[in-house]
Amino acid sequence: MRSLFLTLDRWLTGLAMWLACALLAIISMLGMWQVLARFVLSEPSTWTEELMRRLLVWCVMLGIAVAFRRGALVSVDLMLRTAKGRWRDAVRWIITSTALAYLSVLLWQGIDLTSRVRFQSFAAMDLSMAWAYAALPVGAFFCMVAVIANHLDPVYEELENAQ
């Protein structure tokens with residue numbers, strides 16, 4: 001069961017990393033288009049800024065899942081560095097359970113928010129606001145899988161790279 005979960009995690013984390021990188025590339029291209037349209041063509045684009053903001057939220061939510069999996073988020077690293085034996089295990093359990101509690105609230109409230117705004121649309125585009133808000137529950141789900149996987153198979157990039 002553990003290896004099956006870690007395989008699922010590797011797949012989801014890889015997908016999250018690939019999507020976050022692709023979204024960042026798209027955001028960069030949209031930003032260049034916005035500058036080009038405004039200053040070279042003298043025809044400002046009305047939709048690019050709004051789309052860039054929404055894609056950035058998706059990019060961050062997916063990127064956080066990768067950071068959770070790699071143990072690269074700011075955490076209670078001083079306690080982890082100094083803890084030994086059972087106390088270290090207890091600190092890891094506290095960090096994992098606190099993160100899962102927060103992400104559970106984010107998942108639940110994200111689903112609620114997404115369903116509430118499904119009839120609203122963006123100002124500059126004829127798209128539902130629900131797809132932008134869907135980044136919260138989707139990202140929270142990816143993060144929950146990553147937190148559990150990091151607890152089962154710890155990776156501490158933050159601690160290894162700390163100076």
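Begin by selecting V35, which counts as partly exposed because its relative accessibility is 48%, a value that falls between the limit of 20% for buried and 50% for exposed. Keep in mind throughout the tour that this is a predicted model.

Now widen the selection to the helix that holds V35, namely α1, which covers residues 2-40.

Next, show α1 together with helix α2, which covers residues 48-70. Two packed helices are described by the angle between their axes and the distance between the axes. Here α1 and α2 pack at an angle of about 150°, and their axes are 8 Å apart; since angles over 145 degrees count as roughly antiparallel, α1 and α2 are therefore roughly antiparallel to each other. If you turn the view to look at how the two helices pass, the crossing of α1 and α2 is a left-handed one.

Stay on α2 and select V60, which is placed in that helix and is partly exposed, with a relative accessible area of 43%.

For the last stop, move to helix α4, residues 85-116, and select D89 within it. D89 is partly exposed, as its relative accessible area is 40%. Finally, select H151 as well, which is 62 residues from D89 along the chain, while the C-alpha atoms of D89 and H151 are separated by 9.9 Å.

How values were computed
Residues numbered from 1 in each chain as written. Predicted model: local features only at pLDDT ≥ 70, side-chain atom pairs only at ≥ 80, totals over all residues. Heavy atoms only, no water. Helix = DSSP H or I, 4+ residues; strand = E, 2+ residues; numbered from the N terminus. Buried < 20%, exposed > 50% of the residue type's maximum accessible area, 1.4 Å probe, protein only. Axes fitted to C-alpha atoms, helices over the stretch in contact; angles between N-to-C directions. Parallel < 35°, antiparallel > 145°, perpendicular 65-115°, else oblique. Left-handed = near helix turned anticlockwise from the far one by under 90°.
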